[in-house]
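Here are my notes on the model, in numbered points. Please read them with the structure open.

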Amino acid sequence: IQFLVAIVATISFGVTFRIPARHYLPCGLTGAVGWLTYELAVMLGVGAVTANLLAVIPLTLLARLFAIGLKAPVTVFLLCGIFPLVPGAGIYYTAYYFIQNDNVQMAASAADTVKIAAALAIGISLVLGLPLPQQKKRP
């Protein structure tokens, strides 16, 4: 069920940002693969930061493959695909504790949120840093 919800949520995010309709399903699958990987990692006892790092790697690979196959920018699939992994609750609670003047809880929540965001950025950078295979030029 969560796989399907991740597809719908990712497609909804894509609709909000007006991506072309032909990219809805690939974007949805990209987000769902990332979420499934995250959930599997959490079920295996991996922490949230590591689970996000592990999830963003296949997500970015898939986004890159869809970008090549559909001749579209990788950001179309990548930005929609990471939507389920973005630490929205962490951002919310950081702001909430800030407003409540609970500096200890705010700092803890902010640190966790920054770690997750950094894990996402590192995973994306690792995959996008891989060289693409060179196509042979026809004479």
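**Notes on helix packing, surface and backbone**

1. Helix 2 and helix 4 cross in a right-handed sense. Handedness is read from the near helix: anticlockwise from the far one by less than a right angle is left-handed, clockwise is right-handed. Helices here are DSSP runs of H or I with at least four residues, numbered from the N terminus.

2. On provenance: this is a predicted model, where local features need pLDDT of at least 70, side-chain atom pairs count only at pLDDT 80 or more, and totals for chains, interfaces and linings use all residues. Residues are numbered from 1 along each chain as its sequence is written, and side-chain values use heavy atoms, with hydrogens and water left out.

3. Back to the first pair. The axes of helix 2 and helix 4 (residues 74-81) lie 8 Å apart, at an angle of about 45 degrees. That makes helix 2 oblique to helix 4. Axes are lines fitted to C-alpha atoms, for helices over the stretch in contact, with angles from 0 to 180 degrees between N-to-C directions. Under 35 degrees counts as roughly parallel, over 145 as roughly antiparallel, 65 to 115 as roughly perpendicular, and the rest as oblique.

4. Helix 5 (residues 88-99) packs on helix 6 (residues 103-128) at about 160 degrees, with the axes 8 Å apart. The two are therefore roughly antiparallel. Helix 5 passes helix 6 in a left-handed crossing.

5. Next, the surface. Phe3, Leu4, Leu36, Leu40 and Met43 form a nonpolar patch, with about 500 Å² of accessible area together. Patch members have over 30% relative accessible area and no salt bridge; nonpolar side chains (Val, Leu, Ile, Met, Phe, Trp, Tyr) are joined within 5 Å, like charges within 9 Å. A salt bridge is a side-chain nitrogen of Lys or Arg within 4 Å of a carboxyl oxygen of Asp or Glu. Areas are Shrake-Rupley with a 1.4 Å probe; for residues, only the protein chains shown count as cover.

6. Which helix gives the largest share of the patch? Helix 2 does, with three residues. Helix 1 (2-16) and helix 2 (24-43) each supply at least two. Leucine 4, in helix 1, counts as exposed at 56% relative accessibility. The cut-offs: buried under 20%, exposed over 50%, partly exposed in between.

7. Last, backbone angles. Most residues other than glycine have a negative phi. Arginine 18 has a positive phi of about 55 degrees; lysine 71 has one of about 50 degrees. Arginine 18 sits in the loop between helix 1 and helix 2 and is exposed at 76%. Lysine 71 is in the loop between helix 3 (48-70) and helix 4, exposed at 74%.

Methods. Buried < 20%, exposed > 50% of the residue type's maximum accessible area, 1.4 Å probe, protein only.
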